[in-house]
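Please keep the sequence and the coordinates at hand while reading.

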Amino acid sequence: MTRKRIVVALAGNPNSGKSTIFNDLTGAHQHVGNYPGVTVEKKEGACRHDGREITVVDLPGTYSLSAYSIEELVARNVIIDEKPDVVVDIVDASNLERNLYLAVQIMELGVPLVLAFNMSDVARARGIEFDLEKLSRFLGAPIVPTVGHKGKGTKELLDAVVAAATRKTAQDMPNIDYGREVEEEILKIAAALQTEASSADARHVRWLAVKLLEGDKNVREKVSRTVQEITEKSESHLAKIFGDPAEIIITDRRYGFISGACQEAVRSTVEARHTMSDRIDAVATSRVLGLPIFLGLMYLVFHLTFTLGDPPMGWIEKFFGWLGGVLETWWPKGSESILKSLLVDGIIGGVGGVIVFLPNILLLFLAIAILEDSGYMARAAFIMDRLMHKIGLHGKSFIPMLLGFGCSVPAIMATRTLENQRDRLTTMLVTPLISCGARLPIYALIIPAFFPGRLHAPMLWTIYIIGIVLAIVSAKVLRTTIFRGESTPFVMELPPYRIPTLKGILLHMWERGWLYLKKAGTVILGISILLWGMTNFPKKQTFDRDYETQTRQAEAACLDDVRGLNSKFGLATGSDILVRAIQAELDMAAEQKKHHETEPGFAEAAKRKDAAIEALGRQDGGDRLMKFLEVRQAIRDARAAFDGAVLEKKLVEGTPGYFAARSGCDAALANLQKAEPEVYAAAIRYLDNIRSSFEGAAEDVAKARQAEELAYTISGRIGHALEPILKPLGFDWKIGTALIGAFAAKEVFVAQMGIVYSVGEADEKSEALREKLKADYSPLIAFCIMLFCLTSAPCMATIAITRRESNSWGWALFQLGALTVLAYVLTLCVFQLGSILGIG
Amino acid sequence: MAADKRNRTMATTMESVSASLEDYLEAIFHIVAEKQAARPKDISGRLGVNNSSVTGALKLLSEKGLVNYSPYDLITLTREGKTVAEDVVRRHEALRDFFENVLAVSRPDAEDAACRMEHSVSRNILNRFIDFTEFVEVCPRGGTKWIAGFGYYCEHGSRRANCERCISRCLDEVRGKKPEEKGAPRMSISLKDLKPGQKSRIVKVGAHGGINKRIAEMGMTRGTLIEIERVAPLGDPIEIKVKGYHLSLRKEEAEGILVEVV
């Protein structure tokens with residue numbers, strides 16, 4: 001019995017330093033989860049003291065236990081239902097009266113209570129002196145002074161907890177005297193309650209009666225009609241006497257009790273003066289500087305997130321590239337193994353693509369944690385509330401929406417700071433309309449393809465503005481329809497500024513970053529595999545066109561051209577040594593495609609080619625052939641040296657460095673030409689005409705094959721099936737297929753378009769893709785594509801995070817559906833109207 | 001009809017008399033009323049202008065047939081001049097009374113404003129001013145106390161919250177009860193109307209919606225001393241210092257909180 005595990009619930013006001021104490025007590029032994037059914041975070045930890053196992057449950061930070069918000073209800077239910085052995089209330093000693101309001105309510109619940117007077121050093125510095133013994137007697141609970149961020153008082157707190165948990169006799173807790181009139185009504189209600197449930201103990205019955213009088217809906221639902229009627233009668237009776245509702249009278253009396261206690265046991269020796277925090281606020285929230293400072297800080301957050309995040313993003317990308325490369329060597333080169341494709345393209349490609357954002361996201365969370373822990377977040381809400389209130393949201397909604405410009409995923413995670421569920425859901429649902437960074441490649445591909453230079457910037461700006469306007473309008477619509485209701489009051493504490501502790505912000509950052517990683521490992525993994533399957537299956541076995549023959553035809557045409565070179569540099573017209581040499585090269589390339597460079601087969605192919613050429617060199621005219629090959633190699637080397645220099649030193653055309661490299665290359669070529677003008681001319685002709693046109697033809701064949709394969713797969717078929725629906729928007733099946741890819745991640749749209757248009761690995765700078773797009777679509781359709789991508793179904797990561805944060809698939813699917821419908825209707829209107837007006 | 005016609009003739013006469021000439025006519029009218037006839041010196045003294053401008057104005061007025069004037073002679077108003085002058089005076093008085101009695105403006109300010117407005121207000125509007133002044137004094141929903149309330153309103157701005165108190169006081173009076181008055185009656189005003197830096201004591205927390213309790217629970221209970229710290233840069237939420245910490249409220253939430261300035 002005495003060795004029993006002690007369960008401690010940690011209660012306290014927001015900003016009372018509760019999480020610091022929680023971290024002090026439990027160290028790294030924490031478990032973060034959610035309370036069932038709600039999105040309130042549940043943190044649990046464990047520690048040992050005096051040889052006893054102690055479980056610490058961190059309750060959500062609340063000002064009261066009135067069930068005003070979900071957090072308060074959760075905190076109260078844990079105390080009542082889970083019956084912790086001890087409740088520790090963390091009290092900010094420098095802000096005693098308001099903090100004691102919660103303590104008094106816990107005291108009324110009659111559970112063993114220990115008070116931790118946190119930040120007692122701050123209080124002392126402000127000249128506040130406590131008579132702890134007296135206060136402890138008034139409140140019926142032991143008081144331990146602590147200094148959370150220095151870890152002081154933790155041991156004493158645990159001593160008090162163990163003592164309270166093992167006490168034999170019940171703690172003697174005082175009742176608050178609510179005054180004659182109120183007490184009479186409490187007695188009446190309590191009597192009615194007692195007759196109905198005689199087993200309940202007196203203290204709990206009194207608590208229920210007080211809560212009923214306070215108009216607590218949660219308690220009221222649980223009592224009988226008779227009790228409800230008695231309560232209503234009492235309420236109106238009290239309202240007549242005092243002219244105020246009973247709930248206000250009761251709150252008044254509780255504060256009266258507190259200030260009575262404080263008057264006797266707390267002494268302030270120094271006149272209240274302006275604290276450091278006040279002085280910071282005089283600047284940071286001033287009418288003139290408040291806004292510029294806020295905007296500057298936001299800019300800084302963005303800037304740091306994306307600039308500091310860049311290098312580690314590169315490392316992660318490299319790592320996944322390397323990992324993919326290593327995995328690939330497990331299979332023979334060019335293998336069409338499904339498992340390899342799944343691992344490399346599906347899993348590493350998909351999950352890697354999400355994890356790449358981890359540095360950005362961690363940095364963003366770091367910045368948010370600093371803003372939050374320092375107390376600036378409340379000021380940001382204070383400054384922006386006027387604007388956000390206009391669209392029915394709370395000032396705190398601004399931060400998530402701003403983050404939406406970077407990435408919707410951390411933006412939606414940042415809605416956690418919103419207390420009201422309606423506000424939170426509204427913000428979550430509209431955030432994807434804010435154009436995120438991943439959509440930029442789409443605009444970057446399309447705008448230069450369809451619009452003249454002077455319209456580039458205005459076009460991009462228009463798209464972003466459309467996103468913002470849509471978000472605002474949608475928020476307003478949501479708040480007046482589905483999420484109708486009183487807008488959340490802005491009754492918010494502006495806590496004093498504090499220097500955040502390193503441990504605190506790192507923990508904050510890590511908790512959220514971990515959630516993101518977990519998501520990448522589960523939902524995104526699943527969807528990546530699904531999308532991979534959709535773009536790879538079913539595999540086409542027989543192709544409409546015979547690509548093999550086409551490749552061979554291209555090869556034959558190339559060799560024919562090569563034969564024509566014979567006479568150009570003094571080789572007999574009928575000689576086939578040049579053709580055979582080129583043939584040997586092509587054979588080697590084909591052979592090498594089947595092997596990794598590290599495999600013996602790779603080197604063997606090269607050896608075979610060398611041997612073949614050497615044999616040819618000994619034949620008639622062999623010296624001319626060798627000369628040709630030598631000159632050709634020299635030209636290639638000179639050009640490669642130039643390209644290498646440009647790439648390595650990042651030379652730009654027109655600069656002296658570029659000019660120097662250029663002239664070096666030209667001089668080398670001129671020397672070659674002077675020495676062997678005929679051979680040089682033939683080699684140049686080979687390289688620039690014959691070889692390059694062959695490579696182009698071979699590539700075209702490969703791409704056509706890829707496109708045909710894609711059209712055959714599920715996503716290609718879906719694209720085709722969607723065509724009738726997409727037609728009114730001006731879209732064809734190619735866009736439809738690319739849109740399915742865009743669901744994986746918005747930027748995939750560009751790559752997918754590249755595959756469909758068989759231009760190989762396309763990125764947003766691909767001129768070839770732009771040309772093809774221009775041939776197929778009008779500027780109006782191009783605008784519609786951008787509009788659709790901006791508005792439509794957010795990427796799967798966003799859907800997954802909405803599901804997580806809203807704790808329901810319903811809202812995630814609603815977001816998916818509503819945004820898609822919105823995109824469809826909007827694009828339909830724009831395209832049809834534009835067509836009628838003859839634009840584009 | 002007749003009145004209309006008269007108005008029209010008046011209007012045409014008035015148009016031909018400029019604003020400053022009207023001032024001369026008015027001055028002459030008052031001087032004549034006191035001394036039977038006026039001298040240029042009297043006029044210049046009353047209007048605070050120099051003699052030469054008086055001579056010029058008199059010449060103009062006599063050309064319009066409004067005054068009998070020849071150099072070195074006493075000045076009187078012609079019949080037409082008297083009508084115009086009487087009209088100006090009437091307008092002046094009506095405006096002044098309205099300013100003073102209804103709008104609760106001080107006498108000198110009322111005179112001053114009337115002087116400047118009398119020239120431009122049309123007769124129709126003027127009649128409405130006069131009618132409204134009478135209506136306010138007579139109507140049971142108005143009355144002199146109500147007018148006094150307007151003066152208070154002008155000084156302190158709009159606040160709904162006081163209505164309850166005012167109406168109950170009004171009912172008390174109707175029922176013949178004397179309103180309880182302890183020394184100077186201290187009107188409680190809405191927290192929303194306090195300026196940054198002002199300290200006050202909470203009288204009642206009566207905001208609309210269900211947030212009363214929330215506000216009270218944050219320590220804003222009756223009798224608590226609070227201080228307005230600042231208004232947000234965009235002008236809406238306000239920051240209040242209460243029980244030693246800082247709380248922010250929107251103005252719409254602060255509206256229902258009644259306070260007494262201390």
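The questions below concern a predicted model.

Q: Which helix gives the most to the side of chain A that touches chain B?
A: The contact takes 30 residues from chain A and 30 residues from chain B. On the side of chain A, at least two residues each come from H3, H11, H13, H16 and strand S10. With six residues, the element that gives the most is H16(A).

Q: By class, how many charged residues does the side of chain A that touches chain B have?
A: Chain A supplies 30 residues to the contact. By class, this side has 14 nonpolar and seven polar residues, and the number of charged residues is nine.

Q: Which strands are the edge strands of the open sheet of seven strands?
A: The sheet has the order S10(A)-S7(B)-S6(B)-S5(B)-S4(B)-S8(B)-S3(B), with antiparallel pairing. An edge strand here pairs on one side only, and the two that do so are S10 of chain A and S3 of chain B, residues 189-190.

Q: In S5(B), which residue is the bridge partner of Lys199(B)?
A: S4(B), residues 199-205, and S5(B), residues 225-231, pair in the antiparallel sense over three bridges. On the other strand pair, S5(B) and S6(B) are antiparallel over five bridges, and there Lys241(B) stands opposite Glu227(B). The bridge partner of Lys199(B) in S5(B) is likewise Glu227(B).

Q: Why is strand S6 of chain B largely enclosed by the rest of the structure?
A: S6(B) covers residues 238-242. In the sheet order, S6(B) stands between S7(B) and S5(B). S6(B) is largely enclosed because, of its five residues, the number buried is four.

Q: Which residue in the turn between S6(B) and S7(B) has a positive phi of about 45°?
A: S6(B) and S7(B) run antiparallel and are joined by five bridges, with Ile240(B) opposite Leu247(B). In the hairpin of S5(B) and S6(B), with six residues between the strands, Gly235(B) has a positive phi near 95°. In the hairpin of S6(B) and S7(B), with two residues between them, the turn residue with a positive phi of about 45° is Lys243(B).

Q: What percentage of the residues in chain B is buried?
A: Chain B has eleven helices and eight strands. Among its contacts between residues at least 6 apart in sequence, 55% join residues at least 24 apart. Of the 262 residues in chain B, the buried share is 29%.

Q: Against which helices of chain A do the buried residues of H21(A) pack?
A: H21(A), residues 453-480, has 28 residues and reaches 41 Å, close to the 40 Å expected. Its buried residues include Met459(A), Ile463(A), Leu470(A) and Leu478(A). The buried residues of H21(A) pack against H17, H19, H20 and H33 of chain A.

Q: At which residue does H29(A) bend by about 25°?
A: H29(A), residues 714-726, has 13 residues and reaches 17 Å, close to the 18 Å expected. Its buried residues are Ser715(A), Gly716(A), Gly719(A) and Leu726(A). A proline, Pro724(A), follows within four residues of the bend, which is at His720(A).

Conventions
Residues numbered from 1 in each chain as written. Chains lettered and ligands numbered in written order. Predicted model: local features only at pLDDT ≥ 70, side-chain atom pairs only at ≥ 80, totals over all residues. Expected span 1.5 Å × (residues − 1). Bend = angle between axes of the 7 residues up to and from the residue. Buried ≥ 20, exposed ≤ 12 C-beta atoms within 10 Å, placed from the backbone. Contact = placed C-beta atoms within 7 Å. Nonpolar A, V, L, I, M, F, W, Y, C, P; charged D, E, K, R; others polar. Pairing = 2+ DSSP bridges.
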